[in-house]
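Good morning, and thank you for joining.

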Amino acid sequence: MKPQLSFFAAILLTLFSCQQYRQKEVDRLDITFLTTTYIKTTPVKDQGEWPVGSLYAYLSWIESCRIHKGDSLELSPIYLMRFLCQEEITMRKHPNFQLTPSDAAILMKNHGITLYNYYRKHLNIRPEWFIQNQQFFASHPEQLDIVLDTAFGYTPSHIMLYGATYTPQDLMQSVWTDLSETSFIHPKQIAQDDNRILIDTMKDLLYQGESIIWYGDTLQEGYSFPQGIAIITDKDSPTLISTASRHLHAMHIIGIAHPSPRSSLPTYDSSTTYFMAKDSHGTNNRREGMVFLSEQYVRLHTMAIFHPSLSSNP
């Protein structure tokens with residue numbers, strides 16, 4: 001091997017080893033949390049391999065709002081995923097099924113909502129299959145409806161709730177809140193205020209009993225769903241990163257927590273405040289489907305937060 005190649009190979013091996021070490025250290029951290037603020041929510045669900053975390057987070061947010069108003073209901077993400085699939089295949093040249101919380105709001109406005117018990121199914125089909133067969137469906141649109149009915153189920157025309165009958169649009173208007181596709185803090189605002197507005201806004205809302213939709217990057221070595229924690233893995237000052245390199249995902253923020261005194265804390269993340277997030281990847285992790293995001297992780301890897309008290313500023 002040439003000396004230059006040996007030198008670069010050694011560098012790559014060192015970088016890989018450091019990354020592996022940091023990841024292993026994240027996975028073996030023993031942190032228990034003391035929750036100081038908690039907003040009631042519905043059970044954690046599982047989005048599977050579909051990139052629709054924004055949809056699950058948005059519905060969970062609405063469900064918590066209804067609990068706060070004195071009633072409890074669970075809404076169906078599968079119902080809206082069916083319409084998303086139809087729109088992606090018939091209306092987009094290059095479908096990818098990626099959703100922002102703004103997209104989720106528009107989807108609900110266009111198609112309404114239904115109850116979880118009325119429309120729930122374990123999906124045995126992946127979005128890639130629809131993408132691979134897009135050209136076939138373009139020339140045989142009637143076949144798409146048949147496949148959607150089989151994979152997702154027939155859409156209900158009416159829903160019974162509390163002795164009343166609703167259409168999906170009626171139900172949406174009945175439980176709808178002020179949250180819309182424009183109720184968010186834009187990343188430009190976050191950057192201009194050195195992220196202080198972000199953290200202060202999140203804390204203020206949660207202390208007032210208001211939950212939040214968080215939209216950010218979860219494809220970082222400090223993010224561990226099995227451990228249910230997200231921390232930074234270096235000591236650099238948090239700065240806003242280009243969204244081009246991000247894997248964006250949405251979660252429902254429902255509380256604030258602090259590490260217990262006996263916890264083994266990371267040396268590279270000095271956060272004493274963590275945000276409790278309800279994820280949508282099932283309950284098979286250490287914290288029954290929850291992920292605790294450190295304040296420093298939120299500062300570094302947030303794209304936007306959504307709440308009706310916020311307004312966008314493009």
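Let me begin with the convention for helix axes: these are lines fitted to C-alpha atoms, for helices over the stretch in contact, and angles run from 0 to 180 degrees between N-to-C directions. Helices (H or I, at least four residues) and strands (E, at least two) are DSSP runs, numbered from the N terminus.

Two remarks on provenance. This is a predicted model, in which local features need pLDDT of at least 70 and side-chain atom pairs count only at pLDDT 80 or more, while totals for chains, interfaces and linings use all residues. Residues are numbered from 1 along each chain as its sequence is written, and side-chain values use heavy atoms, with hydrogens and water left out.

The crossing of the two is right-handed, a crossing being left-handed if the near helix is turned anticlockwise from the far one by less than a right angle, and right-handed if clockwise. On the H3 side the contact (heavy atoms within 4.5 Å) is made by Arg82, Cys85, Gln86, Ile89 and Thr90, and on the H7 side by Leu144, Asp145, Leu148 and Asp149. By class, this contact has four nonpolar, two polar and three charged residues. Here Ala, Val, Leu, Ile, Met, Phe, Trp, Tyr, Cys and Pro count as nonpolar, Asp, Glu, Lys and Arg as charged, and the others, Gly among them, as polar.

H3 also packs against H2, at an angle of about 140° and with the axes 10 Å apart. This makes H2 oblique to H3, and the crossing is again described as right-handed. Leu55, Tyr56 and Leu59 of H2 meet Pro77, Ile78, Leu80 and Met81 of H3. What classes of residue make up this contact of H2 with H3? There are seven nonpolar, no polar and no charged residues.

On a 1 Å grid over the protein atoms alone, a cavity is a set of points where a 1.4 Å probe fits but cannot get out, and a pocket is an open set with protein on both sides within 12 Å along at least five of seven lines; lining residues have an atom within 4 Å of a point. Grid points are joined across faces, edges and corners, and a volume is the space filled by probe spheres set on the points.

The largest pocket has a volume of about 350 Å³. It is lined by 17 residues, of which Asp46, Gly48, Lys121, His122 and Leu123 are the closest to its centre. H3 gives the most to this lining, with three residues. The lining of the largest pocket comprises eight nonpolar, three polar and six charged residues.

As for cavities, there is one of 30 Å³ or more, and the largest cavity holds about 120 Å³ of space. Its lining has 16 residues, with Lys45, Tyr56, Ala57, Ser60 and Lys278 nearest the centre. H2, residues 53-68, and strand E8, residues 248-259, each supply at least two residues of that lining. H2 gives the most, with five residues.

Notes: Angles under 35 degrees count as roughly parallel, over 145 as roughly antiparallel, 65 to 115 as roughly perpendicular and the rest as oblique.
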